[in-house]
Amino acid sequence: MSLGRDARARLGGAVRALLDVSGLAGASDAVRLAVLVLASRTPSESGVVKIRTSELGRWIGVSASYTASDVLPVLRRSGVVSVDTAEGDYGQDDGLECKVLPLWAAQDVVGHPLNLAKKEYATLWRLLEAVMGPGWTHRNGSVTPAGLIGTRTGRGAATDRLALLLLVLEARETGRVRLCGGAVDSKRGRAAATLARLMGCTAAAAAGILWRLEERELVFRVRLRTASGLANRSRLMVPAVAAAHGRTVADVVQEDRAEAPESEFSERGGTAGPGEPSELEEEVQVSGVPVTDVADVAEHGVAAALHTDHPHLVTPVVPQQLDCGFSGEGRGGFGDLPDRVCVREGAVDGEDTAAGSASPVAGVGPLRGEKPKDSPVDERVGQRAAVAGAGGRPKAVGWDKAQQQRRVGLPADLGLRVALGPVSWLWERLSGWQQDRVEEAAKAELASLAGLLALPGGAPRLLADRLTNRLAETGGEALVDKPFGWLIGRGLVRRPSCTDRRCDDGTRLDTGAECENCGNVVHIRRARRAKIAAQIERELPGLGDDERRRVLEERLREQVALEAEGFVWRREQARAEQARREAVRAADQERAEHEAAAAAAADTVRQALACEDCGQDRAAGLCEACGYRRRTKALIVEAGLVAATWAADLTDPGDVAATVAEVRVAMEREIAAVRADYLSAMDPAARDADPVGTASVLAFGALHTAEQALPEYRRNALAMLGQTEEAEAEAKRAYRTEQNRRWFQHNPNGADAIKAATKAADTARERAAEYLMTTRLEQLREQAAARTETTVPAPWTDRLPELAARPLDADKAGTVIA
């Protein structure tokens, strides 16, 4: 939004040039806005925009179906945009590749308004994102909020978005949009005529657009007021542009009132087209009270100024801030004429009476006498005039202490301004302390509403609607005698009619529809009332209407009392259950901490243990190399058992042992070859310097070799078991079963039947082989476990001579020598 004058003129010229293309004559606002969106997303290198239909619809505020059926066909026929589509699942235009032809044709054409640079494309894209971005939720959880009018969808959304974009491009740094000149429709106003010229529509349609934008607090139509109450010039403001440049609408109006006077007969009709440099603004001669947001009189097309120009033969000597509001003021002295005309007074010879020429509204000095009685209205108006130049913070001029920091305008935050807009008059009646409390309550309520909505940015509008409804219930702001109490206790609070957090006065905050839960509550209450009435009719059939009503009310009260007791009991039970859960949670946490501490202590003790196999210190019971060796040994045994499932007689332990020994020899041979390769690749000096690391590397190499060999043994075993009689029988049964299927009975020997039967037979053979290998492995492991239990280990005295006679490996010999 914070665009400089050159950037605003450059982008505004490009937008107008695109909208003025002959192919868009008579096109809808959705089509025109789609062209602008595609132009903003155009890459400066290729000019081809890739976008989905649904995403384009989100940018212009319409559905994907409307975009595909009403926008894209017009774009194709217009010749402004070339559209290539990738069809979706149902033949709809899903992926789009678009090129804005006038924009691409103007590239490298010096002086053409559509010859945009890469940074200008980026600026236009950021501007459209700030104005009408639909908002996104990213995969990492971050959220990009919607633009100013990004939540406006449905009928007329494209028109409102296009209008706001054009107004933003026409707004100056103060947020003010220069109005058109000439004779305009006095019923619609000059602001509507200005927007009508920008949009190319009628003044009536532009007035409706302005009304919708004002409803969303996106534009303001303010009217300067004079001290006498007469209406002066109108202003069309875009507050978001002013806020982007660090200004507010109130500041802009105050600056506008303080400018140097420039005499004109009426509001100038000499018009510059949109985007042309602004002329000097006309100034008022009368210092008035602050501008109100809505004028008390109808806005005319040409508003006559209050006074005519003075002759150029005289010299104005009174500055604007001392203006009393009389046309005679400011004349220089000629002969015996006074220097100034004071209020119902002449001038004192030779003295400057500027201090005594103030109007009653200013409240600076007395009119007559030594002790005039000051009017409270005059005093307050004077204080407001003093406030205008001090940034909106009044100074203490006889007010009470709480009133010294009172803010006349709403808070600077845009969300709070939108939310508290319906009660702006009540805000002015609050003291400074009360305004701070109301601001805090409003911020808390906005935060609460933001947590209930699916899309961000709608909380201020919801709160403003709530305040509007509360005022309608009260009868208007004039009937609120205690603004602070009304705002804190009634206006800002949410009034749920049921237990749903999203309910407010029977309305869902997230959807705006009626609360279904409230409907259920009403239905239950009506059913209970009907049930009790039927019971009374059965029990007391002769009662009159008044007596029946009294009994019904009594029983309803009893029922409500019972429900209240039940609710209190359930609440106490819930509290007790919550306390119990918290106690259990605390106990579990304490137990987990104790277990973690015990595990850490046990791990510390375990880390200090020596290796069980080689005796290495602080190896946690098993060093790295010995762990690799154990896993390698287990894999060798597993490979031997897998080979024995098909190569050995399972009933003969000797045959099984021979097969396992054969596999062990083969795998040890492969491991020895790998170890030799490792040793040859190692540096002898590094190997001797770190014998423990060398042993670990060699052990890991052996483990890796065994891990690679085991799957090969499994594949061989499955292939051999698939050729057994059991697997072949299972394959034949599956073949016949598949061949006799109902859909193959007419031609069981056909190509399709044979193919399906062969596939079923292969699958059955594989399943049979896997089953045979699993069952045989279990049988072999049970036999090995039984042999291990019956075998008694030999004592160390018998095993030591055998171990001493065993030759050492190269790595172990190096370790012993070291």
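This is a predicted model: local features need pLDDT of at least 70, side-chain atom pairs count only at pLDDT 80 or more; totals for chains, interfaces and linings use all residues.

Visitor: What makes 18 Å the expected span for α9?

Guide: The expected span is 1.5 Å times one less than the number of residues. For the 13 residues of α9 that comes to 18 Å, and the span found in the model is close to it.

Visitor: Which residues of α9 are buried?

Guide: They are Ala 206, Ala 207, Ile 209, Leu 210 and Leu 213.

Visitor: How do you know on which side of α9 they lie?

Guide: Around the axis they cover an arc of only 160°, so they are on the same side of α9. After the helix comes Glu 217, with a positive phi near 60°.

Visitor: How many aromatic pairs does the whole structure hold?

Guide: The search finds 5. One of them joins Trp 59 and Trp 125, with ring centres 5.0 Å apart and planes at 45°.

Visitor: Why is the pair of Trp 59 and Trp 125 called tilted?

Guide: Centres within 6.5 Å make a pair; planes under 30 degrees apart would be stacked and over 60 edge-to-face. The planes of Trp 59 and Trp 125 are at 45°, so this pair is tilted. Trp 59 is in helix α3 (residues 53–60) and Trp 125 in helix α6 (residues 118–132), 66 residues apart.

Visitor: Why does Trp 59 count as buried, and why does Trp 125 count as partly exposed?

Guide: Buried means under 20% relative accessible area, and exposed means over 50%. Trp 59 has 0%, so it is buried. Trp 125 has 23%, so it is partly exposed.

Visitor: What makes Trp 59 and Trp 136 a tilted pair?

Guide: Their ring centres are 5.8 Å apart and their planes are at 50°, so this pair is tilted. Trp 136 is in strand β4 (residues 136–137), so the pair ties helix α3 to a part 77 residues away in sequence. Ring pairs link Trp 59, Trp 125 and Trp 136 into a cluster.

Visitor: Which residues have the most contacts inside the largest nonpolar core?

Guide: In this core of 71 residues they are Leu 38, Leu 75, Val 81, Leu 167 and Leu 213. Leaving aside neighbours within four places in sequence, Val 81 is in contact with residues including Leu 38, Leu 75 and Cys 98. Another core, of 35 residues, lies apart from the largest one and has Ala 625 and Ala 706 among its members.

Definitions and conventions
Residues are numbered from 1 along each chain as its sequence is written. Side-chain values use heavy atoms; hydrogens and water are left out. Helices (H or I, at least four residues) and strands (E, at least two) are DSSP runs, numbered from the N terminus. Buried means under 20% relative accessible area, exposed over 50%, partly exposed in between (1.4 Å probe, protein chains only). The arc is that of the directions from the helix axis to the C-beta atoms. Rings of Phe, Tyr and Trp (its six-membered ring) pair if their centres lie within 6.5 Å; planes under 30 degrees apart count as stacked, over 60 as edge-to-face and the rest as tilted. A nonpolar core is a set of buried Ala, Val, Leu, Ile, Met, Phe, Trp, Tyr and Cys residues joined through side-chain atoms within 4.5 Å. Contact means heavy atoms within 4.5 Å.
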